[in-house]
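Please examine the model below alongside the account that follows it.

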Amino acid sequence: MVSVTRAVFGDLPLGAGTVEKFQLQSDLLRVDIISWGCTITALEVKDRQGRASDVVLGFAELEGYLQKQPYFGAVVGRVANRIAKGTFTLDGKEYKLAINNGPNSLHGGVRGFDKVLWTPQVLSNGVQFSRVSPDGEEGYPGELKVWVTYTLDGGELMVNYRAQSNQTTPVNLTNHSYFNLAGQGSPNIYDHEVTIEADAFLPVDETLIPTGEVVPVQGTAFDMRKPVELGKHLQEFHINGFDHNFCLKGSNEKHFCARVHHAGSGRVLEVYTTQPGVQFYTGNFLDGTLTGKSGAVYRKHSGFCLETQNWPDAVNQPHFPPVLLRPGEEYEHTTWFKFSVA
């Protein structure tokens, strides 16, 4: 059984609307999601002793989400991840997007899908959010209708994304939750054991845009097909952290993507998806300037993201999986976050 309750989370400044919070609860999970950016603000999971902890980074109040912050828990779009130099060409026409991440456009631009109020509809086991992204929003062509649906089933949170456009446009939607399976506010994720089911990854340039090569993980720091303990792994390979796309099975069927195990608590997160890629990000840019729930200070490597997605900059890299949505077609992808204890 899943219960869904609805409450006011806060009011936007200047009378711009009321943000609501939807709490989804099963016997194993409790998830809070707000209508601002379809953002997951809390996710409580029991450990092997049966003690529940909140395992996502974020804020207790709306003000936290309205400040400059790194997409905690939000749905990002119209195009997640980076587009080189914020530009692409479609049917001979050049489109220019907002540059908001070095020389590139990141996560939909200055006011992406994470920074808008969505329209909610309560379901028996979850909540569906919808919005219309107008033609030209953040520089993207076409009016895009979008639906994001969160449903809960026992220990599994399912996120389904659908979109339809009246003009050809790139679309790539994901959720940007930062997890710490020891409980949010724990100092780092070094004791997490990570497995990523990927035979290849995308190397990036100094601005984090893929170079275009698709490189086998074999013999590199990116080979996590067998579990690696994150802290030791980063030390062993002398790397600052991950912020890379891992190339998954090229099918639109549900496939295993990643598993993270925290031995101390016994908590396990498994991710399944229909997407061709996942951005594994280890919170390298968190720097201790943000204070979250219960006074937690979010320092470097205090959370990780598994952003299921199309490959970054696919709109400029013809050999990457197709990212264009055409009129009359439907974009649809699903990601499953499955929690358990081991």
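Five strands make up an open sheet in the order β19-β18-β21-β24-β25, and their pairing is antiparallel. Strands here are DSSP runs of E of at least two residues, numbered from the N terminus, and two of them pair if DSSP finds at least two bridges between them. The edges of this sheet are β19 (215-216) and β25, each of which pairs on one side only. This is a predicted model, in which local features need pLDDT of at least 70 and side-chain atom pairs count only at pLDDT 80 or more, whereas totals for chains, interfaces and linings use all residues. Residues are numbered from 1 along each chain as its sequence is written, and side-chain values use heavy atoms, with hydrogens and water left out.

Within this sheet, β18 (residues 200-201) and β21 (residues 243-247) are joined in the antiparallel sense over 2 bridges, and Phe201 has Phe246 of β21 as its bridge partner. Strand β24 (residues 277-281) pairs with β25 in the antiparallel sense over 5 bridges; there Gly277 stands opposite Gln309. Although β25 (residues 305-309) is an edge strand, 5 of its 5 residues are buried, that is, under 20% relative accessible area with a 1.4 Å probe and protein chains only, where over 50% would be exposed and values in between partly exposed. In a regular strand the side chains alternate between the two faces of the sheet. Accordingly, Cys305, Glu307 and Gln309 point one way from β25, while Leu306 and Thr308 point the other way.

A further open sheet contains 9 strands, ordered β11-β12-β13-β14-β27-β23-β22-β17-β20 with antiparallel pairing. Its edge strands are β11 (119-123) and β20 (228-229). Inside the sheet, β23 (residues 267-273) and β27 (residues 331-341) pair over 7 bridges, with Arg267 opposite Val341.

The nonpolar cores come next. Such a core is a set of buried Ala, Val, Leu, Ile, Met, Phe, Trp, Tyr and Cys residues joined through side-chain atoms within 4.5 Å. The largest has 59 residues, and Leu43, Tyr150, Phe246, Phe280 and Phe339 have the most contacts inside it. Strand β13 (residues 144-153) gives the most to this core, with 5 residues. A second, separate core of 17 residues includes Leu12, Val19, Tyr65 and Tyr298.

Tyr65 and Tyr298 also belong to a cluster linked by ring pairs, together with Phe9, Phe59, Phe72, Tyr178, Tyr281 and Phe285. Rings of Phe, Tyr and Trp (its six-membered ring) pair if their centres lie within 6.5 Å; planes under 30 degrees apart count as stacked, over 60 as edge-to-face and the rest as tilted. The count comes to 23 aromatic pairs. One of them, Phe59 with Tyr65, is edge-to-face, at 5.1 Å centre to centre and 85° between the planes, and both residues are buried.

Charges also sit over rings, which requires NZ of Lys or CZ of Arg within 6 Å of the ring centre and within 35 degrees of the ring normal. Arg162 lies over the face of Trp147 at 4.5 Å from the ring centre, and Lys254 over the ring of Tyr272 at 5.3 Å.

Finally, the whole structure holds 0 disulfides, defined as pairs of cysteine sulfur atoms within 2.5 Å. For Cys38, the nearest cysteine sulfur is that of Cys305, 17 Å away; Cys38 counts as buried because its relative accessibility is 0%. For Cys257, the nearest is that of Cys247, 11 Å away, and Cys257 is likewise buried, with a relative accessible area of 0%.

Terms used
Helices (H or I, at least four residues) and strands (E, at least two) are DSSP runs, numbered from the N terminus.
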